[in-house]
Structure formats: C-alpha cells, structure tokens
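Let's take a walk through this structure together.

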Amino acid sequence: MVESIVSTGLAIGCIYALIGITYNVMFSASRVFSFTAGTLGMLGGVLGSLFIARMGMPVAVGFLLALAGGAVLGIVTEIVAVRPVLKSLDQHLYVLSTLALALMIQQFTAIEWSTEPQPFPRLFDIARGGFDQQYWLPMLACAVVIVGLELLYRHTLIGRAFLAIAEDTYAARALGLPERGLRLASFALAGVIGALAGFAGGEMLLAFFANAPMLTFYGFVPVALGGMGNNRGAVVAGLLLGLFQQAANFLVGGIFASVAVFTVFIIVLMACPEGLAGAALQRRV
Amino acid sequence: MMDTPAARLRPGRADVQASTSTIGAALPFLALLLLGVTFPLFGGGYWGVIATRACVYWVLVSGLNLVVGFAGQIAIGWVALLTLGAYTTSVLAAGNVMPELPPYLALAIAAVAGAAFGLIIGLPALRLRTFYFAITTVGFATIVTQVALAWQSVTGGGVGVPGPIFPEPFSSQWGFYYFCFSLAVICTWMTANVAASRFGRALTAIRDAEVAAEACGIAKPALLATVFLFSGAVAAMAGGLFAALQSYITPDAFTLDLSILFFIAILIGGRGSILGPLLATILLTALPEFAAPLVAWSTFLYAALLLVIVLAAPGGIAEILDFKNRRPLESNRAIIPRPDLVGRLLSAPVDAGALTLEQVALSFGGVHAIDGLDLEIRRGQVHGLIGPNGSGKTTALNVISGYYVQERGAVKLNGAALPLFARHRRAHMRIARTFQTPRVVGSASVLENVMIGGTIDGKGTFVESLLSLPRHRRDEAKLRDTAMLALAAVGLERLARVRVDRLQHSELRFTEIARALMLHPAFLLLDEPAAGLSADEIGRLAALLAAIAKTGTGVLLVEHHADLIFDICQHVTVLNLGRVLATGTPAEIRSHREVVHAYLGG
C-alpha cells in the first residue's frame, strides 16, 4: 500500500508541479497568472487521445502534435487574453480575460470531444509492471522540463533574455530586448510544458474536460506554496501535495482528502501569503 | 440643521436637476417592478419557472454584487453558498437530522449559516492577492459540492433530498413566484440603499483607490467582513428558494457553471451598478431559453461575452446606458476656487498644537531615504518642504501617514506618538492628505469622490443604511451638503455630477483637496499639489491654501515650485539626501547660501 501511495503520489505530484511551472513561466514573462494553465494540461490529454487513439497516428507524431497544440493555445492566451489587458495590470482584468478563455476552451472540449472521461492510449507496448509507465512517464517529463529549463535559462542567450524580462521588464526593453516577442515565446513554452504534463499524465487522468478546473486549482497550490515564479519551490511543493493527497486518499477517503488538501492550502496561505519560500513585497504609495 | 451653508449656496436649478436625475435613475427599476408584478398576465407555465429562477438568481447576485461589483473582490465560487443554503433549508425542512422545521424557519437558519460561511469564504480576501483569492473561492465551491455528495446520511448523497415546500399562499406556481419576486425587490432596494450610502462609496474606494481609502479612514477588514456576512446570508437564502423551485436537489445541480453565471452577470452588467447586473441576470437566465440548441453552449456563450466585455467595454451594460456622461463637457472651463467659503467649511476651533517628527530615520536597502529628520508643523501655518528629487520629501509624508514605518525616531501629534502601521487611524486624528498621483474612483462622480472623504463622520450603521433608516438619510444629506460646499470652495461645484475619469489632471488635484477638506483636517499633508497646474491655477491654489491655514489647519506642503512655497509658507524646511539642509522663514531660506547653491540656483 505504501508503495502504491508513493508511486501514485509522486506521479500526480509531478503533474501538479508541471502545471505549477506552466503558471510560473507565464508569470515570469508577464506578471500575470492565467487560468488557462490547467486547461493546457487537460488539452494535452485530450489531444493525445484524439491523435493517437481516435485518429490512429503514431505515438511520436501524436505527441509532437499535442505539444504543438499546447504551444498554439499558449500563444492564443497571450494575444487574446493577456496582451490587451497588460496596460492596466492593477485592475486585475487578466483574471477575468484568462478565466473567460479557459472556460470557452473547456466548454468547447466538453461539447465537441466528450463530457465523459475517454481512455488515453498506452504509449509503450510493454507489460504492466509494479512501477508502470503511467507512474514514471510524468516523473520523466518533470525531470526533463526541470533540466531543460535550467539549461535554457543558464546557458542560452534567449534563456537569459527570458530572465531579464522576468527581472525588470522596463530595463530589459531599454536594453533593446524584443519584449513582446519574448513574452509570446514564453507563453508558447508554457503551453508546451502544460500540454506535456497532460500528455504524460494522460493514462492516469484520462482525456477528460473536467481535468481543466481540477489542474487549474491543484496546479496553483505548488505555485502559492512554493512562491511565485519559483520553479524549484513548485516542484517540491507539487511532490509534497501529490504524496499528501494520495496518503489522505487511502487513509480517509477521496472526498475528505480534497477537504484536507484545501484546508492545509488555506491555512498555509493565510499564515504566509507569499508562499513558504517567498518574500513580502513593499507596497508602493 | 436645516440652514446649512451649502443649502443656501446651491442654486435652485441644480436642485431641480438633481431630483430629476434621481427620478430618471429610478425609472428603469419601476418599469421592471411593473413588469414583474404583471408578469403572470402574459407569461404562462414554463416562463413562470424562468421568471422565478431569475428572481432567485438575482437574490444571490444582488448580494454578490456588493462583493464583486463594488468591493472589487474576485469571488468566483459563490455557488458554494447557494449549495449550502439549499441543503440547509431542505434538510431542516425535511427533518433528516432533527424534527421537521417550518420552511420559513429553515430558510432563516440557512441565512444565518450562509452569513457565517460567507465570512469564512470571504476573509482570505483580506490577506491574499486577487488571483489567489479567486482560486480559493473556486476551491470552496468544489469542496462544498463534494461534501454534499459524501455526507449521505444528511444530504442523501447522489440521490439527493426533496426541497422545502412553502405553505399557502406560496405553494402554487404563481404564489411562489410572488414570494421570490418580493424577496428580489427587497434585495434590490437594500443593495441600492447601500450603494448610495457612505458604505457603498467606501467599497468602491477600496476597489479603485485602496491607498486613498485608508487615508480617508476606511477600515477595510470591518467593512469587507460586513459585506461578506450580508452577501452570504442572501446567497444562502437564494439557495433555499432554489431548492424549493427545483423541488428536488442533488449535488449535480450546483455546478461551477452556475457560479460563473452569477459572476459574469455582475461584470457584464458593470461594476459599481445595481441596474446593470440586474438586467444582465435577467438576460443570462432567459437567453438560453430562446433557442434550445443554445442550452448546451450557454456557458461557452457567457464566457465569450465576458471576454468581449473585458476587452471592449470594461464598464459593462451600466456604462453603455450612462448617457448623461457622454455629453461633452465645456472645453474652456476654469477652476475658480472660493477661499472665502473655506472658513464656513472648516469651522474647527483654533487650538494650538503641532505635528512633530523627531529624529525620524528610514532606509530602503542601503539608501537612507530620511536620516534623522526633525520637523514641526504648527496648526494655522503652511509649512513648506522642499528639496531635490530623492531628498526624502514624499518618504517623510508617507511616514507621517503611516504607509512607511520609521526605523528610528517618533512622529508625534500634540506630544503623543502616532501608532505605527494603523494607516486608517490617521483620519480619525484629523490628519488628511493628497497624493502625488491623484487617487480617485474613476467611475464615480466628483461629488461621490469628495463624499468619500467624509466617510468616518457618518453616524449610522451598515444595517441602518441597508434599510434607509432616518439616521442614514441624515448622514447622507449632511455629507452631500458638506461635499457641495467643499467643491464650491475649491471651485469644482459645476462638475459635481461628472464622472471623475473625465476630468483634467488639474481638476483631479483640486478634487483631492476637496476630499481631504471633508475630514475637517487639523493637519493637511499635500504631495506636490501644484504639479501639472498652470500658472493661473497655481496662484489660485496659493490663495486657497492660505485660506485653509487661516482657519487653524496646519498645512504641510511638499513642492517643487519655489515661488508657491515662498509665497504662502510661514516656515520652510529644505531637505537634501534625507537630512535637513536648512529650516526657517522664507526670507531666511532665500538667503541661505547652501540652499541657493544646491537647489534654487543662481
């Protein structure tokens, strides 16, 4: 039983962490949290199932197309729901515009795809073992994303430009960095990461439209607890969340597990609103 | 009381205009009332259900409107309270846990539970950022539904429970419709009362200009808690009605889509309006019924509508219907203050007293913003604070008004140290201020903005405003008269009914001064009031400030315009790098060699 809690918990935790990173990548580029983060995860699963199971494409092609779909949605989010409201960030209109976009995609999926969870294909034709691909795939995806992002941010020019934008948009623009293009690229990258989360976790979560609000909430918990924009914090908090949720699931039952997660989330947030690893910002008058 | 100066001052025509505009504002509500009362005459069967549903939804939305539309809190998951109210009423009326209760009593208990729960869901708003709070409300909505599903012994789980049945005369379809309609009318009336009260204005100030709200003495936690209690109570009551209308409830009935409908109705209707969200609620409830294929797509359509509204018309229906504010304003209008009216406005007794800073120091990182600052502002004097950019002028002002906490030293009012942190307490000590960038509620009228300044002088409670009791009406009349007088004093009374976001920059500066005067300040702190003003306007500002000081108010004037400073100040302090470079009378400062060298030039 412990083994099952740990493998399921870590796998789910990796998916939450990836959605948390999706939030963070968008946030770094724009100072905006987007409700479409969970939608991207949902879409990764649905597109994977659509391309591979329903349309019969090879796994590799379906995988790339699903990621491309995520990138497109990331770009659409930036153009439709983020860029028009960036001028008046203090009015928090982005909360509403990204919520609207997320709902539209979710409803569209429910109607055009299915309102019932659909099976996600097995990606590798190997026998089910104790430590199945449905557990290690999300972990692998999470590891790849973390290492990839580290390499990108530290060793490439474009990655450093991303960091510069995240640090100080005005200064970055003054240096001549193409802020708009970099923001668009960040959203595309976030889209790919979100879709990857849903694709890698597809077998566990299934291709289901209601995964969108679920991932939007549980993916935000690592961000809130790990500190905004802090990817390492998100991974640690995501893994802890997954383990805690699975343990509570086994011990007290699914519904009270959600209550437990939510209660802990609220209590921690109320105690330190900037997250366990974040620092308070001074308000400007 | 009857013979207030402002009543005499206001020309008769404005009175007539004001009263016709009140009738004009009430007209759409009266039309809806008439339509609602006569609805059974032309709407049959199924339309009765739709109309009842619209009434039930509006009972919830009217309360949520104060939270979302007025206070600006992004509470998405309000369906949690509908669920709670529906189950509480049904379970108590059905007698699942204790002997059956009469449905009215069950409904009342649900309202009390809803109030408590509204407070619990709402309170994180005091500590969390916008997006965080939005997410927590969504979480609450999910949790409540899951609990309803799991707690089978009480809620019947997935099977559900029968809704309450209200006894005669409300058991028939139209009887129940009239019951819900009456509650909807009462909710409309109550929230409209709040909207037009100092509480409603304070909520919009929290939404659009939180810093200014604090400076006006508005205590955000207490006010928001009150609004969450009210909003939770009516939402749970709507839940009880919803259960009765459905006649049988299961957790499936309470989807997040429903929550989205409530939330979106307010935004489509327009923030800070009662009529807009009311129309939007009716529209969104009825819309899918006109075309059957639309039902499946309704949430998609609501979301698309929300996106369009946010991007194209953030003011919503209310702004589209606001014809009055589309009339062009006079283009060559001048601000002509009347300093002679200041004495009537500020008839505070002149007692000697002073606001003092003693060895105050504060640094940001390694930078000493102010470093051992001594300052004494006496009542009845204009005290100028000048210095180059970054010399610590605004920082000093922010320490006095509590936005920054000094690391060393003390700020004292008449010898007693001001409490740290408690920003809104400054207003109660009659310390008023303006801001370098004017902080106003753009969608409210000039008059309403100025009235915000007098919020703490109202005597009535929230409940008295809710029910429009006499004390509330006296408060409002007095606030309005004082605000009109303050506007006349700064020379803006002709723009009283214009939306603030249509004003020019200089007019905003004078609006802020009028708002600060509403506090009858013992001390008035002005942060660069002359920035962006024309030479003529600066001259008039000087006369106004001199008149204010003459009534016994101590004025601290942070400025760059040396002429203005030397013109009206009795005392001038020059700062440089957070320290006092020189202090004395204008004549002394003008001849101070270091000052001339470092700052004045020449």
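What follows is a short tour of chain B, starting with the overall picture.

Keep in mind that this is a predicted model. Chain B holds 26 helices and twelve strands.

Now for the inside. Of the 602 residues in chain B, 52% are buried. Look at the contacts with a separation of 6 or more, too: 77% of them in chain B join residues 24 or more positions apart.

Time to zoom in on helix H4 of chain B, which covers residues 79-94. Its 16 residues reach 22 Å from the first C-alpha to the last, close to the 22 Å expected at 1.5 Å a residue. Is H4(B) largely enclosed or left open? Since 15 of its 16 residues are buried, H4(B) is largely enclosed by the rest of the structure. After H4(B) comes B:Gly95, with a positive phi near 75°.

Further along sits helix H17 of chain B, residues 393-400. This helix is mostly covered, with eight of its eight residues buried. Among them are B:Lys393, B:Asn398 and B:Ile400. Just after H17(B) there's another glycine to spot: B:Gly402, whose phi is positive at about 90°.

Terms used. Residues are numbered from 1 along each chain as its sequence is written. Chains are lettered from A and ligands numbered from 1 in the order in which they are written. This is a predicted model: local features need pLDDT of at least 70, side-chain atom pairs count only at pLDDT 80 or more; totals for chains, interfaces and linings use all residues. Helices (H or I, at least four residues) and strands (E, at least two) are DSSP runs, numbered from the N terminus. A residue is buried if 20 or more other C-beta atoms lie within 10 Å of its own, exposed if 12 or fewer, and partly exposed in between; C-beta atoms are placed from the backbone. Two residues are in contact if their C-beta atoms, placed from the backbone, lie within 7 Å. The expected span of a helix is 1.5 Å times one less than its number of residues.
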